[in-house]
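The report below goes through the model one topic at a time. Please keep the sequence and the structure in view while reading.

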Amino acid sequence: MPSPIGHILSGILLYQIFNRHDARYDVRKLFVYVIISVIPDIDLAIGFLINDLKFHQGVFHSLGAAIFAGLIAGIVLIRKKGLFFNGFLLFSGLFYSHVILDYLASASDTGYPFGVALFWPFSNEYYVFPVTIFLDILRGTSNETLFSGMFNFHNLWAVMIELVLFLPLIILLHHFIFQKFGERL
Ligand SMILES: [Zn+2]
């Protein structure tokens, strides 16, 4: 899986793509995009709490989990604004973008599980992307070593790759949005 920085950057990029006609950055909306892009990794925190780190990248990283997250968001939004379908599509889409990003990084998975259960519950198969793009983030394999195992040059290099891949796109899109729609501000 990519680092949280990679997921945050992908959330910013997706915000720009879906809100490209609005040069005013809506901070609250941007925050929602970023949080949903990171949230599937909450299974790492749950794994830490139940002392089973193998819990990470299981069913929380799947189509079923994305649909479930979208349903919850849709139900919350329909009460507030009557926007079930929009909320469902946005939240399940953002959630699933995290799963896809982890899939794109799965060629470098160094620990169980290898790959991502992309289509669970429709398929139990774990899919591994054939080409290495992002690097897997190394961490300790037990609760005691989880955090200390994160500080190494491999992970620093992994974050650099994420920055190099995402930042130019974000800066380019920012320029494009401002050039095209900035005068409306
Ligand atoms: Zn993940």
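Does isoleucine 67 count as buried, partly exposed or exposed? With a relative accessibility of 30%, isoleucine 67 counts as partly exposed, where buried means under 20% relative accessible area, exposed over 50%, and partly exposed in between, using a 1.4 Å probe and protein chains only.

## Basis of the model

This is a predicted model, in which local features need pLDDT of at least 70 and side-chain atom pairs count only at pLDDT 80 or more, while totals for chains, interfaces and linings use all residues. Residues are numbered from 1 along each chain as its sequence is written, and side-chain values use heavy atoms, with hydrogens and water left out.

## The zinc site

The zinc ion has as its protein donors Asp41 (OD), His61 (NE2), His98 (NE2) and Asp102 (OD), at 2.0 to 2.1 Å; donors are N, O and S atoms within 2.8 Å of the metal (3.2 Å for Na, K and Ca), and sites may look incomplete, since water is not among the atoms. The arrangement is irregular because the 4 donor atoms subtend angles of 89 to 163 degrees around the zinc ion. Under the criteria applied, four donors count as tetrahedral if all angles lie between 85 and 135 degrees, four count as square planar and six as octahedral if opposite donors are over 155 degrees apart and all others between 65 and 115, and anything else is irregular.

Along the sequence, the donor residues follow the spacing D-x19-H-x36-H-x3-D. Aspartate 41 lies in the loop between α2 (27-38) and α3 (42-49), and aspartate 102 in helix α5 (residues 84-104), so the pair ties together parts that are 61 residues apart in sequence; helices (H or I, at least four residues) and strands (E, at least two) are DSSP runs, numbered from the N terminus. Aspartate 41 is buried at a relative accessible area of 13%, and aspartate 102 is buried at 0%.

## Loops, salt bridge and contacts

Tryptophan 120 and proline 121 are joined by a cis peptide bond with omega of about 10 degrees, and proline 121 lies in the loop between α5 and α6 (153-181). The structure holds 1 salt bridge, defined as a side-chain nitrogen of Lys or Arg within 4 Å of a carboxyl oxygen of Asp or Glu. Here the side chains of aspartate 22 and arginine 24 meet at 3.3 Å, N to O; aspartate 22 is partly exposed at 29%, whereas arginine 24 counts as exposed at 55%.

Arginine 20, in the loop between α1 and α2, has its C-alpha atom 8.4 Å from that of phenylalanine 181, although the two residues are 161 residues apart along the chain. Glycine 11 lies in helix α1 and is buried, with a relative accessible area of 0%.
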